[in-house]
Amino acid sequence: PTMGHESSVDDLARDLEEALRLDDKQADRAGDSAASGSDAESTHTAPSSPDSTPEPEGSPDTDSAAAGAPVTLTVHRPLLPAGVTSLLAGANSALDAIAERIQSGMAKRIIVMAGAGISTAAGIPDFRSPGSGLYANLQKYTLPYPEAIFTLDYFRKKPKPFYVLAKELYPGQFAPTASHFFVKLLAQRGLLLRHYTQNIDCLERAAGVESSLIVEAHGSFHQAHCIGSGCGKEFPQDWIRERIFSDQTPRCDRCSSLVKPDITFFGEGLPARFFDMIGGDFAACDMLTVMGTSLQVQPFASLVGDVGPSVPRLLINRERVGEGAGHPRGFDFDGRRGAGAVHRDALVLGDCDDACRLLADKLGWAEELAGLVAGAQAQTSL
Ligand code: OAD
Ligand code: ZN
């Protein structure tokens, strides 16, 4: 299977253009539906502005660790249809239920699935956020459509835009975020079964997560290969790095075709490690956490449905994703699948660093997390 969306690349290009044009309207609509939603949400704004939402269960889900910075997290509290009971009920909030499961040892084979949103706080843009996302800021490359920059056919014809972007985003220039270090803390405690990342920034490695616990689903800059048909010669990372940084187009010394870092492009297959690991991992998983991804790219997005039917799943993201028609076994935050299905999906809307700090706080790991983040920041500012 190759990486792609449900639709063809051409459809995608059209959709993207449409999406870019509609950004404002969509933002408005998103605002409306959030405001008129019938579900009870508990929005917590802390600590600079007082919480205006009544706290039904009395547990302030605020982040005391982020001193001074305004933190807004919304822990979704669905009004479940009659007959639907939640696996996560009984605690103050879904996040408390998640923390309790970890603390009680019920969750000890945790899978984290991550996307570009866990690295935006490090200064790396995500792809699809209106305005700030990479795909909205590629004008200077005059691409036929934004995703062309990661599309093999286009790259063969015009490799320059990708190499320019690769130089800008090259690993080593950014520090891991609280979200990366939260994953590291899970690993340190033996609770992390695997971290599946779509990111190519290597920040989970930089945070100290062992490479055996990481699956880089869309590849990485670690190696590079010639894309000439029948060649495929491997090149070391230093070799390609040097060329990318000196604005040379890296070419194979055997066949003179382009040499590309092993980042998965649209139309390419995902790394073998991805397919080797998913079967065993998702069958064994006892808690899933999805952070900072729009869940728009397959096959990664459908992994959400690969955990057992009563495994709790937590989404931490700025926007609700992974539900509805395009996601057959995706999230069901509101119990719409009815009483026959186990309700086990939790949603925390907001910045993943804030949510990770809050969760760490509930687990008694807040200080350790803050220390790791401060250490990384001190190191990059040296
Ligand atoms: P997207 O840009 O599609 O989605 C990022 C998601 O993270 C969005 O839903 C944002 O709202 C959210 N987000 C951004 N910053 C956040 C933050 N600080 N806290 C919480 N949420 C935040 O990025 P991906 O889903 O990772 O492929 O994109 C998937 C793939 O599409 C990428 O791997 C890339 C791209 O084409 C390749 O480059 C090979
Ligand atoms: Zn070659």
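The protein has 10 helices and 11 strands, where helices (H or I, at least four residues) and strands (E, at least two) are DSSP runs numbered from the N terminus. This is a predicted model, in which local features need pLDDT of at least 70 and side-chain atom pairs count only at pLDDT 80 or more, while totals for chains, interfaces and linings use all residues. Residues are numbered from 1 along each chain as its sequence is written, chains are lettered from A and ligands numbered from 1 in the order in which they are written, and side-chain values use heavy atoms, with hydrogens and water left out.

Of the 382 residues, 52% count as buried; buried means under 20% relative accessible area, exposed over 50%, and partly exposed in between, with a 1.4 Å probe and protein chains only. Among contacts (heavy atoms within 4.5 Å) between residues at least 6 apart in sequence, 70% join residues at least 24 apart.

In soluble globular proteins, nonpolar side chains tend to be buried together. A nonpolar core is here a set of buried Ala, Val, Leu, Ile, Met, Phe, Trp, Tyr and Cys residues joined through side-chain atoms within 4.5 Å. The largest such core has 67 residues, and those with the most contacts inside it are M113, F150, F162, Y196, F274, F282 and L288. Helix α4 (residues 160-169) supplies the largest share of this core, five residues. A second, separate core of 47 residues includes V183, L191, L363 and A376.

Within α4, the buried residues are P161, F162, Y163, L165, A166 and L169. Their cover includes α3 (152-157), β6, α7 and β8. Helix α5 (residues 178-188) is largely enclosed by the rest of the structure, because 10 of its 11 residues are buried. Elements covering the buried residues of α5 include β3 (110-114), β4, α6, β9 (287-291), α9 (352-363) and α10 (366-380). After α5 comes G190, whose phi is positive, near 75°.

The loop between β4 (192-197) and α6 (203-206) holds N199. With 5% relative accessibility, N199 counts as buried. Its side chain reaches the backbone nitrogen of A116 at 3.0 Å, a polar contact being a pair of N or O atoms within 3.5 Å; within protein, one must be able to donate a hydrogen and the other to accept it, and residues adjacent in sequence count only if both atoms are side-chain atoms.

C231, in the loop between β6 (219-226) and β7 (234-236), and C255, in the loop between α7 (237-245) and β8 (259-263), are 24 residues apart and link distant parts of the chain. C231 counts as buried at 19% relative accessibility, whereas C255 counts as partly exposed at 31%.

Around ligand 1 there are 25 residues, of which R128, Y135, T293, S294 and E319 come nearest; a residue belongs to this set if one of its heavy atoms lies within 4 Å. An N or O atom in the side chain of T293 is 2.6 Å from an oxygen atom of ligand 1. A polar side-chain atom of T120 lies 3.0 Å from a nitrogen atom of ligand 1, and a backbone N or O atom of R318 lies 3.2 Å from a nitrogen atom of ligand 1.
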